[in-house]
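Let's take a walk through this structure together. Have the sequence and the 3D view ready, and follow along step by step.

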Amino acid sequence: MAKLLAFIICGFIASCSCTSIKNVHDQMYIRLEATTPCVLLLNGTQSFGCTSSRNGNVGVIHLVHNSTDLDWVLNSAPMDSYIVALKLDMFSFKNLKKLNDSDRINGVLLMQNVTRTDISYFSPEDTCPNRYSGLAAPPKHRNTCEPQVWNPKTMYSRISMYKWKMPIFFTDNAQTIEQVETYFHQFNMPLETQLERSLCALKMSAHMYASVDSTTCIRRSNMAYNINPVRYCDPLGDDNIWAPVIPFRRTSEPKQKYIVVAARLDSTSLFFGLAPGALSTATSLVTLLSTAQLLFNLSSNVQKAKENVLFILFNGEAYDYIGSSRVVYDMNRGQFPFTENPIGLDDISLFIELSQLRNDRSVIYHSLKSPDSKMSTFLKVLNREAEKFGIKVSGDSSDSHFPPVSFQSFLAQRENMSGLVFTSYGNQFTNRFYHSLYDDAVNVDYKYRNGSDIVADSLQSFVANFSTALAHSLYKEMTDEEADSTVDPKLVDEMLHCYIDSISCKFAREVDYVVESTPYQKLDYYIGANLVRQQIAMLTRHAFVHLLGRNVSVASKDECASRANSTHYTHSYWSDASGQCLETATNVSDAVSPAFLIANYDLAEGLYSSWTESSWYNIDVQMFLQPSPRCCGVLLQKPEKKESWFQTVRNEYERWQIEEKQGKTWEQFRKEFEERHSGEKELEERPTDGNKLQECPTDAKEKGEDLFDKIRNQFETRIPRLTKLFFLVRDGLADLFTDFTDMVPLYYHLWRENRTIQDFDLRELELLYEVYLQIKRMLPVCFFAILPLGNIVLFTVTYLEINLPEEDDSKLISEFRDLLLSVQDGQVPNPIELASFKELFADDQIFAMENVSSSHLDNLLTLHSQAGFLIKVNWLDEWASYLHLVDRYVSRNGGPTALTPEQLAKVNK
Amino acid sequence: MDKSRLSNAEKLKVCQLYYKLGFLALPAIWAVNYFWFYEEACIHPEFDEQKEIRRLRRRSGIGAAIWLIVIIMWVIIFQTSRIKWGAFGDDISFIIPTGS
């Protein structure tokens, strides 16, 4: 008895875990494609971004077009939980705050199509980026945000700088948007009667492991005695990339002065993986690259330079100047770039930074101190050179109002460092999409020319011209000589195409960079956790190597790799693209905040960036049909009905057993039986399910039906007497479809006596067979009908197998095998190994079928890849085969008519 | 153990044993004592050891109740202030739930 129960449960669990769950899940949920989450980031004192609950947030979809819709969902909506889908015009900080504060709202889906003519601004960034770092960091605490904020305040301001307790997703996928809108109108309208219907709902999963702040999550990640170690968060980090025009010497040399030319390498956005950063990063980055390339070419023959120029690209600048603060930290420690001949802060004679450059015919420079002689001389030359191209260089220097740029990290240490920041803005950003997903080609008005001539008034020619002017000025500063060669605008165009449009581009191939696939093939300038390499940084490193690499002739690739330079810090790199060996002084340094290096550093101190990114396990958005609460009331009544149904079957069955002994014929019994149940509803047709989300594949159905007929013919010729108890079964099935577990009691009832095959009552088989017939009839109700019986079948099989008499095993098995093969008749290919089959069930019952390469059982393994339908059909057929087998077995042993008195007694016990 | 087969003296012994075991910070044993000897203490006709059983049962009950109150209070305090306690809260947690 207990054994039987155990088997039933085991069989049941085995079947659920290995076969059905996935399919049911696929049937129930539609995964929304191309959705991008907002994730959780933390710093030393707070957390920012979004998170869902552990199992995802569920809510009925509500489309919000205007404030009326918003008020309705906030105040008068009938359901307990909603997920709001809205467009950018409703995505204001104020509205989000309202949604966030409401217990009823479980998530937000921002749906904005790619057409963006009506989007005039969107920057979820703080009004004063990096408000508490750089010059504002302790101990200086200089206020750089006043009198005017840098990033203009809009209704979107600071969305990135808030901890939302609900998940926020973004999609610009037309298909997804249409899907959501269609289902909303189909299921959730009209709003007044929402309680009475099943509603279309979303489940948003973006559970973030970290909480509170970086200090907490790092402490938790490092807890040694935790039995189940979890990484709660990871520090943001990547590489800074730097390249001196003249390689650093290995041997000690007289102290040299450096002009540092810097730009940033990263950007960010509210949504993970969608940070195009065209204006905030790409234009300045490309200007720096082309300047470096021209200056390198100019100075290749220079014997004696007054000064060296060091190009640096700082990473992680969006998060409290990670890269630049690290370089400053390393310089102070005497470890930049190497421990021998390090460059100190005082070795920097001039700091030039490029930030947010755009095609404005003018460049505005910022400096903290009023220009000294060095800066004035440089500006004079630059002005002269830029004017040749019609670019005006003008100043905007105000004492405290200094823009949020990497140079602040240096100024925080040496306030009187000579430095110029070249930008496109005066006292406020002109970038209306700063740190947002719309900071793209449209924002900088860039169109790829693909090799054709570059128009004069274009971003390409501006970048080419300004970098030419800059390179000339730098060259003059280095050598006191004039230069005349210029930057090729076509090269600039190729670079911009890479850095603004797509990373799978011609320039990337030319510099030998093999692009790894990204989910959306979109550019992402977000620095990310230090575990993951940023593609932009890798591409830029390749670009530097190729633009600033000296071609050295070597015999082979291996020789190139093993080259060593004893006098200078260089390394050699073999370029597959050009087939050359390039010697370059380009290198990288860690862009990881010193906060994570210094032992026992208090992350809340605010001296260094303390940003971390939360870990997560699963991020997705799924859509499904949620039953209404009133509907549940109806459902609740069903079990009662089912109970009584099982009771009736049981009673009728027992009655028939008694009455048969008393000499009553089946016809008589059936008549009475039908009278007794005359009022009960019969299920003539298969139930039509209005909420059916998916049709069965027709092909599979036909196949199944053919097979079924074959089995039935065989079966019916062998068992002439079919009981009519089945319509009870049939009625009951309609209820059963709602919950497959309810099928268990029936089987349990039938086999609770733990009988062996010999005394297995034929009528019980008949009953099962009828159940089978009915299921077959209802097959097209794919989802509900098939799944339950699929499971039941498994445990039926299991049960019958274990009770087969041992001495007959081998014979029976071979018969069984023949039978299976004859029934299947080449239905299903894909024979599998028995071993994997066994593993699938993880149960020794299956062992009884040794050497059976039954084709339809093989199908079990393909369950995962095939539609639920086919598989379930096969399950049913298999079951029928088993019944058939049992029938044969019983006939061979004398058949049902020859049951011994003891066996009968056992049956009727 | 089938209690009905024990003599009254043996019942008292069991009751005493459970009472003493409860002092090893095992309130559940006190709770068992309290409920298990309900019949002996409150329903059965009077017998010699009943008075003592009643006394021990009452004390066990009170002990178990105090334990229960203390545990409930601790759970409430712990759950509501774990995050506020910071490092200490993490240190005394066996499993730290993600996201909170």
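**Where two chains meet**

Chain A and chain B bury about 1100 Å² between them, and 51% of that area is on carbon and sulfur atoms. Keep in mind as you look that this is a predicted model. Why start with an area? The size of an interface is often given as the accessible area lost when the parts come together.

Next, look at who takes part. On one side, 16 residues of chain A make contact, and on the other they meet 13 residues of chain B.

Now for the charged partners. Two salt bridges are counted between chain A and chain B. You can find a salt bridge where the side chain of A:Arg219 meets that of B:Asp90, with 2.6 Å from N to O. The largest share, three residues, comes from α5(A). Sorted by class, this side of chain A has nine nonpolar, four polar and three charged residues. Between the two chains there are also nine residue pairs in polar contact, with both residues at pLDDT 80 or more.

Finally, turn to a residue of chain A, A:Asp101, which lies in helix α3 (residues 93-101). Is A:Asp101 buried, exposed or partly exposed? Its relative accessibility is 48%, so A:Asp101 counts as partly exposed, since that class runs between 20% and 50%. Along the chain, A:Asp101 and A:Trp164 are 63 residues apart, while their C-alpha atoms are separated by 9.3 Å.

Note on methods: Residues are numbered from 1 along each chain as its sequence is written. Chains are lettered from A and ligands numbered from 1 in the order in which they are written. This is a predicted model: local features need pLDDT of at least 70, side-chain atom pairs count only at pLDDT 80 or more; totals for chains, interfaces and linings use all residues. Side-chain values use heavy atoms; hydrogens and water are left out. Contact means heavy atoms within 4.5 Å. Buried area is the accessible area (1.4 Å probe) that two parts lose on being put together, summed over both. A salt bridge is a side-chain nitrogen of Lys or Arg within 4 Å of a carboxyl oxygen of Asp or Glu. A polar contact is a pair of N or O atoms within 3.5 Å; within protein, one must be able to donate a hydrogen and the other to accept it, and residues adjacent in sequence count only if both atoms are side-chain atoms. Helices (H or I, at least four residues) and strands (E, at least two) are DSSP runs, numbered from the N terminus. Ala, Val, Leu, Ile, Met, Phe, Trp, Tyr, Cys and Pro count as nonpolar, Asp, Glu, Lys and Arg as charged, and the others, Gly among them, as polar. Buried means under 20% relative accessible area, exposed over 50%, partly exposed in between (1.4 Å probe, protein chains only).
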